[in-house]
Amino acid sequence: MSRGAAGAGECRALMKRYFGHDAFRPGQEQLVDALLSGRDVLGVMPTGAGKSMCYQLPALALPGLTLVISPLISLMKDQVAALEDAGIPAAFLNSTLDGDAYRAVLRGAAAGAYRLLYVAPERLEAEAFCGMVSRLPIALVAVDEAHCVSQWGQDFRPSYRRIAAFVESLPQRPPVGAFTATATAQVREDIIRLLHLKNPLCATTGFDRPNLRFDVIQTRQKLPQLLALLARFRERSGIVYCATRATVERVCEELRGRGFQAARYHAGLEDGERRENQEDFVYDRARIMVATNAFGMGIDKSNVGFVIHYNMPKNLESYYQEAGRAGRDGTAADCVLLFSPGDVQTARFLICNGDEAEPMEESARQELLLRELARLDRMVGYCKTTACLRAYLLEYFGEMPPKACGSCGNCSGPFQERDITTEAQKILSCVVRAERQLGYSVGLQLILQTLRGSRTKRVLQLGLDRLPTYGILSQTSRDQLQRWADRLLELGYMIQTPGEYPVLRLTAAAGDVLFRGKAVTVQEKLSLEPEASEVLSTAAAEPPIELSDDLLELLRALRTRLAQEAGVPAYIVFSNATLQQMAARQPRTAAELLAVPGVGAVKAERYGHEFLTAIRRWCTGEEASY
Ligand code: ADP
Ligand code: ZN
């Protein structure tokens, strides 16, 4: 049966017609083909790569209903709205529907009114649902966020464990497509095993997101840094992630006090407020969302222009997922992490005191803990590296990227090599002298306090203020001193002992620096101050296209109005990328409009006239206002 080959061509036409995309992205065609030929698939693709297309196209091409199982209740409404806007009948079933609405959808599904039905995994046990489904031809079961089935991933959902039995209970087993952005081998194996995928085609696409620009700023002055960044990202909407609810409250308040349109989101808020704030953000009424990691799992907003982490997350999986919410429409976006050493303690605390998803054996718990601490180390490594940030991330996810991307903060960043031999000698000799005076070794923080001439109780009690090295680096900031000490640890001139209270010890190699004048250098970022970072230019990830800002503004305003009239978020009408293309190409006819990437037939019919009119008026210089 060569349905696959024929199907792909047909699918490309469907993709152009309904979604306006001209070509498949990496992985999509293979996955679509396999599903059309009746084979199970596992698609591992980063956020924003276009996983939905892989099951939406087969849903259009295959006879019968496609079930999409998703844990993201908040996402369903938007996804269904986007499908309907593209002219594809779809619906969702979850706990937000009242009894009447729920029954109406069940009736609609039974009557064959939809191509796709989104369901929360809990539904698979509801009798009315199962009864309805068993009488229908099911073309395909798509499992979104499939890593939720694995205990090793984040976001484990016990209800995902029932999907396999549900699929097997259907009168005829449809192909199953599993999709996730979690790349580790362990999670992948779990998905195949626990969802009972049969000889699945596995497609893993690259995790690189070329339009994202990564940067890390080491600072203890987070608020001023944040304000400087927000000033730089003026027009864009974005997310500020904080580690705790209290930080969300504080940062949100500070921003509002300065006139920013900021909303907040964390698990401690009432459902109603959470929903409202989220909508404000999605509908562009609030430009900035200040949130804990509770926010975002279901946010399909494609025009997020930046993601700033006010605190370091616990691991790179979380970081990449959260940062990846920026730039889903393919336009240039910034992902900036504000790092201070205190973040490491917070993350460690959260790991050691976290809730467990489910009860487990003590040995398993210990193993999990060690694994998480190891992941934390890699996260800290990302914050401290002076090498390419993108390369660091991609290597973590198992790829072999080029050594330098040329666009991340470290590649383009103004780094310079600095000779710190004298400072290194001061630090190392302070360690020696403290140990000699006390008769035992002390920890790094105490040494740094001594060097800076701090008058803390501990320093005075131990008499460290009588050391000749007391205060000899008092002009150096804590951050900088910490970085130099990190460098000495990295070069192996001193080590920190393992255990709960690590202390510093010099190694034999330290003698080279102390007595034989061996040079020590460090790469330092030139601009660490907010003022300076403001002038850093944002690298554009896309090939530059000539565009007229006025026209773009005009089209944006038109989009806002049309979206308001239709009661959908602006990006559902057209994405930023599509508007940019439209402004650049200035289509005059319906055919030209259809050739713009992102414009499908249904949308061209629905919105084309207004956009073409606006473009024509603009080109002829007629005034128009929206
Ligand atoms: P994911 O689920 O992998 O995070 P989505 O399915 O939400 O990603 O897709 C992200 C964006 O990419 C959407 O705006 C979608 O319209 C766009 N997209 C998907 N496939 C293509 C394609 N073949 N060409 C251009 N854009 C695409
Ligand atoms: Zn780089």
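**Entry 1. A helix and one of its pairs**

A helix here is a DSSP run (H or I) of at least four residues, numbered from the N terminus. I note at the start that this is a predicted model.

With that in hand I looked up Arg561 and Glu565, which both lie in helix H23 (residues 549–566). They are four residues apart there, so about one helical turn separates them. The two form a salt bridge, and their closest N and O atoms are 2.8 Å apart. I then checked how open each partner is. Arg561 has 25% relative accessibility and counts as partly exposed, whereas Glu565, at 54%, counts as exposed.

**Entry 2. A second pair within a helix**

I went on to helix H21 (residues 510–516), where Arg516 and Asp512 sit four residues apart, again about one helical turn. A salt bridge joins Arg516 to Asp512, with the closest N and O atoms 2.9 Å apart. Arg516 is exposed, its relative accessible area being 58%. Asp512 is partly exposed at 27% relative accessibility.

Which residue forms a salt bridge with Glu125? I found Arg162, the closest N and O atoms lying 2.8 Å apart. Glu125 belongs to the loop between strand E4 (116–119) and helix H6 (127–134). Arg162 belongs to the loop between strand E5 (138–143) and helix H7 (163–169). The pair therefore ties together parts that are 37 residues apart in sequence. I also looked up the accessibility of Arg162: with a relative accessible area of 36%, Arg162 is partly exposed.

**Entry 3. The count, and a network**

How many salt bridges does the structure hold? I read a total of 27. I also noted a network of salt bridges that links Arg213, Asp215, Arg232, Arg236 and Asp334.

**Entry 4. The zinc ion**

Ligand 2 is a zinc ion, and I looked for its protein donors. They are the SG atoms of Cys388, Cys405, Cys408 and Cys411, at 2.3 to 2.4 Å from the ion. What is the geometry of this site? The angles among the four donor atoms run from 103 to 118 degrees, and the site is tetrahedral. The cut-off I used asks that all angles lie between 85 and 135 degrees, so the site qualifies.

Along the sequence, the donor residues follow the spacing C-x16-C-x2-C-x2-C. Cys388 and Cys405, 17 residues apart, link distant parts of the chain. I placed Cys388 in the loop between helix H14 (362–384) and helix H15 (389–396). Cys405 is in the loop between H15 and helix H16 (409–412).

Is Cys388 buried or exposed? At 6% relative accessibility, Cys388 counts as buried. Cys405 is partly exposed, with 29% relative accessible area.

**Entry 5. Ligand 1**

I turned to ligand 1 and counted 16 residues around it. The closest are Ala23, Gln28, Gly48, Lys51 and Ser52. Which helix gives the most to this shell? Helix H3 (residues 51–61) does, with three residues.

I listed some contacts to oxygen atoms of the ligand:

- Ser52 places a polar side-chain atom 2.4 Å from an oxygen atom of ligand 1.
- Lys51 has a polar backbone atom 2.9 Å from an oxygen atom of ligand 1.
- Arg25 has a polar side-chain atom 3.1 Å from an oxygen atom of ligand 1.

Last, I checked how much of the ligand is covered. Ligand 1 exposes 570 Å² when taken alone, and the protein buries 80% of that.

Key: Residues are numbered from 1 along each chain as its sequence is written. Chains are lettered from A and ligands numbered from 1 in the order in which they are written. This is a predicted model: local features need pLDDT of at least 70, side-chain atom pairs count only at pLDDT 80 or more; totals for chains, interfaces and linings use all residues. Side-chain values use heavy atoms; hydrogens and water are left out. Donors are N, O and S atoms within 2.8 Å of the metal (3.2 Å for Na, K and Ca); water is not among the atoms, so sites may look incomplete. Four donors count as tetrahedral if all angles lie between 85 and 135 degrees; four count as square planar and six as octahedral if opposite donors are over 155 degrees apart and all others between 65 and 115; anything else is irregular. Helices (H or I, at least four residues) and strands (E, at least two) are DSSP runs, numbered from the N terminus. Buried means under 20% relative accessible area, exposed over 50%, partly exposed in between (1.4 Å probe, protein chains only). A salt bridge is a side-chain nitrogen of Lys or Arg within 4 Å of a carboxyl oxygen of Asp or Glu. A residue is near a molecule or strand if one of its heavy atoms lies within 4 Å of it. A polar contact is a pair of N or O atoms within 3.5 Å; within protein, one must be able to donate a hydrogen and the other to accept it, and residues adjacent in sequence count only if both atoms are side-chain atoms. Accessible areas come from the Shrake-Rupley method with a 1.4 Å probe; for residues, only the protein chains shown count as cover.
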